Amino acid sequence: MKMSCSRRDFLGAMGMAAGAYIAKPSLLSAERAPASPVAIGICPEYNRQVVDVLSTMFDQLGGLQKLVGGKTVAIKLNMTSVPKDKLNDMPNEMTHWVHPQVIGALVSLLGKAGATRVRILESAPWGSKPLEDFMMAAGWQPKDFASAATRVEFENTNFLGSGKTYSRFMVPGGGLMYAGYDLNHSYMDTDVFVSLAKLKEHRTAGVTLSMKNCFGITPCTIYSENAPVDEPSIVPNGFRGPMHSGSRVPPKSAPPLVDTTNSKDPGYRVPRITADLVSARPIHLAVIDGIYSMTGGELPNQNKSWIHKPIHPGLLIAGMNCVSTDSVATAVMGFDPMADRGTPPFETCDSTLRLAEHLGVGSRDLSRIEVLGTPIAKARYKFPPLSDLVS
């Protein structure tokens, strides 16, 4: 979806009133939200070193074997949009997608740690075609991932896929936007869920890391503009417009809307839906590819008013709590994870970190999070505020 936004419009949006603060008695307090160690590794290029750096980081976190040994592991990739959406004709994986070298390294390490099955998942934005076809259209070779471990499967989770029914995930405490979410069976039929994300900014979420990556687990058969009124069905358009705009509700078969604000503000809706999803479908391992990325948001060439530039942070980040991991990544990007709406990176949106913290998912307080490997100060690669990237 193309959006128009001038610098004046953007800065004006910064003055909007902050979204309603969460006040539900069933929600855990921020002080009780768990904190978990996060590892940072310096990795200058996409080569064999990726395996070595990730292996060291996982060892620092306590090892993968006790997490995945003898289990099924599902990996949600970040391959947002279509292969033709490029920045300066660069390969997508060098700017806004996770890189295949990181995917292959992760699959290999999961296999060596004893995972009995690895499912690679993404909501490929073109109906019901296999995920492998989407990868090949991008110039990738799915067989390279399939050979990295003993049993590797692929699933396009933008529809029912190989399952017979959708799996329902209810949000503990009742939900911020919806009471629950109906998802592809692969998000239920797994023992360990991994979010493999890219280190990026985001216009309606501030940052797009391991948590925002899960916004894409929602199938377009239920959560797109063209979804039917009553029951899920294959639709031609896979964009989740109503999730951003509130233009309509999901089919009657899905869990209901619980938010009573009737807000149409994407900066209010997207962070709440993201926090809901990671509360309902917990992430066991968050891995963030920050070797190469870009500034200016989640996708290149969205609008001529936005300035996108390729960058080279040269690092990887991993942790077993998504809020803690994303908070460290936010700090590495030069932002304060304790910031809220009106302050970078949350200039025009509520903080997903705060919302998830108050749902009890994890802590964003750096004083409670042990950083392993490379210190934040040494790894820091400052991203410019989005307000500086609007022409």
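# Salt bridges, ring pairs and cavities

Colleague: Is Glu298 buried or exposed, and what about Arg203?
Modeller: Relative accessible area decides the class: buried is under 20%, exposed is over 50% and partly exposed is in between (1.4 Å probe, protein chains only). By that rule Arg203 and Glu298 are both buried.

Colleague: What kind of model is this, and which pLDDT do side-chain atom pairs need?
Modeller: Residues are numbered from 1 along each chain as its sequence is written, and side-chain values use heavy atoms, with hydrogens and water left out. This is a predicted model: totals for chains, interfaces and linings use all residues, local features need pLDDT of at least 70, and side-chain atom pairs count only at pLDDT 80 or more.

Colleague: How many residues apart in sequence are the parts that the pair of Glu298 and Arg203 ties together?
Modeller: The two side chains form a salt bridge at 3.2 Å, N to O. Glu298 belongs to the loop between β11 (293–295) and β12 (309–311) and Arg203 to the loop between β8 (200–202) and β9, so the parts tied together are separated in sequence by 95 residues. Here strands (E, at least two residues) and helices (H or I, at least four) are DSSP runs, numbered from the N terminus.
The value asked for is 95 residues.

Colleague: How many salt bridges does a search of the whole structure find?
Modeller: Side chains of opposite charge can pair when their charged atoms come close. The rule applied is a side-chain nitrogen of Lys or Arg within 4 Å of a carboxyl oxygen of Asp or Glu. Over the whole structure the search gives 14.

Colleague: Why does the pair of Lys76 and Glu122 tie together parts that are 46 residues apart in sequence?
Modeller: The side chains of Glu122 and Lys76 meet in a salt bridge, with 2.9 Å from N to O. The pair ties together parts 46 residues apart in sequence because Lys76 lies in strand β2 (residues 72–76) and Glu122 in strand β3 (residues 117–122). Lys76 and Glu122 are both buried. The elements asked for are therefore β2 and β3.

Colleague: Which strand holds Lys198, and which holds Asp289?
Modeller: Lys198 and Asp289 form a salt bridge whose closest N and O atoms are 3.1 Å apart. The pair links distant parts of the chain, 91 residues apart, with Lys198 in strand β7 (residues 192–198) and Asp289 in strand β10 (residues 285–290).

Colleague: How many aromatic pairs does the structure hold?
Modeller: A pair of aromatic rings is described by the distance of the centres and the angle of the planes. Rings of Phe, Tyr and Trp (its six-membered ring) pair if their centres lie within 6.5 Å; planes under 30 degrees apart are stacked, over 60 edge-to-face and the rest tilted. The count for the structure is nine.

Colleague: What is the geometry of the Tyr178 and Tyr223 pair?
Modeller: The ring centres of Tyr178 and Tyr223 are 6.5 Å apart and the planes stand at 65°, so the pair is edge-to-face. Tyr178 sits in the loop between β5 (167–170) and β6 (180–183) and Tyr223 in helix α7 (residues 220–223), so parts 45 residues apart in sequence are tied together. Both Tyr178 and Tyr223 are buried. The geometry asked for is edge-to-face.

Colleague: Is the aromatic pair of Tyr181 and Tyr223 stacked or tilted?
Modeller: Tyr181 and Tyr223 have 6.1 Å centre to centre and 40° between the planes, which is tilted. Tyr181 is in strand β6 and Tyr223 in helix α7, so this pair ties together parts 42 residues apart in sequence. Tyr181 and Tyr223 are both buried. The class asked for is tilted.

Colleague: Which residues line the second largest cavity?
Modeller: A cavity is a set of points on a 1 Å grid over the protein atoms alone where a 1.4 Å probe fits but cannot get out, and lining residues have an atom within 4 Å of a point. α7 and α8 (241–245) each give at least two residues to its lining. The lining residues are Tyr178, Ile222, Tyr223, Ser224, Pro242, Met243, Arg248, Val249 and Pro250.

Conventions. On a 1 Å grid over the protein atoms alone, a cavity is a set of points where a 1.4 Å probe fits but cannot get out, and a pocket is an open set with protein on both sides within 12 Å along at least five of seven lines; lining residues have an atom within 4 Å of a point.
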